[in-house]
Amino acid sequence: MNRRYRLSRWVLAAYCVYLILPLYWLLTLALRSNADIAGVFELVPSNPTLANFAEILSNPVWYEGFLNSLSYVLLNTLISVFVALPAAYVFSRYRFLGDRQLFFWLLSNRMAPPAVFLLPFFQLYSSIGLFDTPLAVALAHCLFTVPLSVWILEGFMSGVPTEIDDMARIDGHSFWFFFTRIFLPINRSAIGVTVFFCFMFSWVELLLARTLTGSEAKPIVVVMTRTVSASGMDWGVLAAAGIFTVLPGILVVWFVRQHLVKGFALGRV
Amino acid sequence: MAAMAQNKTKDNRAWLGVLPVMLIVAFSGVIPLMTVVNYSVQDILDFNTRFFVGFEWYRETLTDPRFIDAFLRQLGFSAAVLAIEIPLGILIARGMPTQGLRASLLLVLLATPLLIPWNVVGTIWQIYARSDIGLLGVTLNQLGFSFNYTAEPLHAWLTLLAMDIWHWTSLVALLAFAGLTSVPAACYQAAELDGASKWQVFRHVELPRLKGVLVIAVLLRLMDSFMIYTEPFVLTGGGPGNTTTFLSQYLATMAVGQFDLGPAAAFSVIYFLFILLFSWLFYTSVMRSEEDS
């Protein structure tokens with residue numbers, strides 16, 4: 001299909017350059033000292049230094065922020081996938097009272113602007129003693145990751161023929177055996193794509209994560225915003241922190257890339 | 001959608017399967033939403049002194065010129081974002097190779113901006129576009145444009161748009177790419193035999209098969225661009241003046257900055273209803289045109 005599209009090829013190439021330039025600039029600033037950044041403008045750093053990275057790896061505020069972020073993202077992904085799997089299964093296999101209304105209602109939560117929920121979340125989680133824990137952020141992010149997970153998984157599972165369910169029953173397998181040993185392995189790609197999206201939306205969110213954490217569970221993205229306002233403009237360290245937040249994303253994409261192609265293609269198309 | 005095609009068993013015990021989801025979404029969605037609705041009809045002086053004011057805050061919000069300005073800016077921004085990102089995403093998807101290491105690397109590169117925390121996206125573009133240390137800003141100034149996004153509203157808008165295109169076009173491209181891989185090679189061959197032009201191939205072979213993914217892409221971009229908060233907050237802080245203050249930012253200032261609970265809650269309800277309305281209108285119009293054809 002590609003020979004036909006010379007224009008598209010050029011657009012793709014140009015867009016890749018457009019994508020890379022800001023990232024390249026982030027990397028060069030991360031490798032330079034602040035005095036250097038303010039002093040001269042240069043395309044390739046002439047005095048590269050790893051001091052900014054060392055600052056992040058040695059300062060507990062930074063690396064604890066990083067671990068805090070990872071812990072709520074992992075918690076959120078686990079919760080979302082576990083509750084979404086049975087729900088997506090029954091949505092794809094059964095008709096029941098109010099199923100369509102329920103499905104739309106779930107999706108409507110995905111449309112709620114996080115800014116709307118700032119105050120109620122703050123009060124809710126403070127009143128049950130979860131404020132400033134990774135669990136609070138993980139649960140708050142469930143607001144959009146759970147509906148999304150159900151939606152994605154349901155799309156995949158509807159594409160799996162119901163004959164497979166019947167065959168397993170005829171073969172005398174229990175439902176539990178069928179679900180965990182037969183059905184879930186078939187839907188590996190679906191789970192891969194779901195994990196990708198849960199990770200994506202939980203990792204990148206700032207507003208709720210900032211509101212629901214104090215000093216204990218402060219995520220790295222919040223550390224970044226506070227450093228900027230506190231010590232003037234520490235561009236070098238900020239850029240180095242940026243590099244650290246970009247890396248986990250790249251790792252996740254690399255591991256699910258096969259599922260991603262298959263997944264998007266098989267999914268809700 | 002695809003879900004409706006299969007023969008499904010009717011069984012109300014299926015509710016047991018959705019119960020965990022119901023509980024978690026009720027906890028993180030319904031309780032807060034009810035709190036917001038509750039606030040929106042009261043005047044809250046402090047947590048013990050409050051009065052019922054009915055729809056007073058709603059009337060005030062809908063006639064507040066700052067709300068209307070922010071709303072119009074928001075509409076303009078979302079429209080511009082959709083008008084650029086959807087066609088660009090389709091073009092990019094058509095240029096993608098389908099297999100091999102190059103395809104994998106391109107996929108990872110395209111997906112990368114989607115996985116960068118939103119405030120980091122703001123930071124990246126801040127240091128990229130600044131006129132003193134940024135690659136883009138300095139280059140533009142050396143080429144003779146006096147580019148300064150912190151002082152010029154037009155420059156701030158262009159920078160925000162450039163950033164959003166950088167951040168989100170990949171999502172459209174990935175979805176469209178997935179849609180294109182579902183087009184059978186035979187369809188292209190048939191079109192070639194018929195002597196179809198490139199445009200005709202796109203219009204009659206590819207576009208119909210892309211419809212499903214494009215609906216999702218437009219819905220996601222519409223909803224998310226309507227809720228944009230973090231990136232402009234970091235990049236421009238809503239300025240210069242109020243020229244890039246969108247709805248979420250205005251709301252956050254009201255709720256957290258000024259602690260005007262009642263008006264902020266009324267604002268929230270109106271905001272949420274608008275997003276629901278737009279998404280529903282778009283969704284039903286697409287579904288109706290599908291039934292007609």
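Chain B has 12 helices and three strands, where helices (H or I, at least four residues) and strands (E, at least two) are DSSP runs numbered from the N terminus. Before you click further: this is a predicted model, in which local features need pLDDT of at least 70, side-chain atom pairs count only at pLDDT 80 or more, and totals for chains, interfaces and linings use all residues. Residues are numbered from 1 along each chain as its sequence is written, and chains are lettered from A and ligands numbered from 1 in the order in which they are written.

**Stop 1: chain B as a whole.** Colour chain B by itself. Its C-alpha trace spans about 75 × 70 × 35 Å along the principal axes. Of its 293 residues, 40% count as buried; a residue is buried if 20 or more other C-beta atoms, placed from the backbone, lie within 10 Å of its own, exposed if 12 or fewer, and partly exposed in between. Among contacts in chain B between residues at least 6 apart in sequence, 69% join residues at least 24 apart, a contact being two C-beta atoms, placed from the backbone, within 7 Å.

**Stop 2: two buried residues of chain B.** Select Ala156(B), in helix α7 (residues 153–181) of chain B. Ala156(B) counts as buried because it has 24 C-beta neighbours inside 10 Å. Leaving aside neighbours within four places in sequence, show its contacts: Tyr149(B), Thr236(B), Pro240(B), Thr243(B) and Thr244(B). Next, pick Gly212(B) in helix α9 (residues 198–226) of chain B. Gly212(B) is buried too, because 21 C-beta neighbours lie inside 10 Å.

**Stop 3: chain A.** Now switch to chain A, with 13 helices and one strand. Its C-alpha atoms fill a box of roughly 75 × 60 × 30 Å, taken along the principal axes, and buried residues make up 47% of its 269 residues. Show helix α4 (residues 60–93) and helix α7 (residues 134–158) of chain A: their axes come within 6 Å and cross at roughly 35 degrees. Axes here are lines fitted to C-alpha atoms, for helices over the stretch in contact, and angles run from 0 to 180 degrees between N-to-C directions. The crossing is right-handed, meaning that the near helix is turned clockwise from the far one by less than a right angle.

**Stop 4: where the chains meet.** Bring both chains back. The contact takes 86 residues from chain A and 80 residues from chain B. On the chain A side, helix α13 (residues 235–266) gives the most, with 16 residues. Look also for strand β1 (residues 94–95) of chain A, which pairs in the parallel sense with strand β1 (residues 9–10) of chain B over two bridges; strands pair if DSSP finds at least two bridges between them. Tyr94(A) stands opposite Thr9(B) there.

**Stop 5: the largest nonpolar core.** Finish by selecting Val150(A), Val21(B), Ala176(B) and Leu251(B), which touch the most other members of this 155-residue core. Such a core is a set of buried Ala, Val, Leu, Ile, Met, Phe, Trp, Tyr and Cys residues joined through C-beta atoms within 7 Å. Helix α7(A) gives the most to this core, with 16 residues. Zoom in on Ala176(B): not counting residues up to four places away in sequence, it touches Gly89(B), Ile90(B), Ala93(B), Leu210(B), Val213(B), Leu214(B) and Ala217(B).
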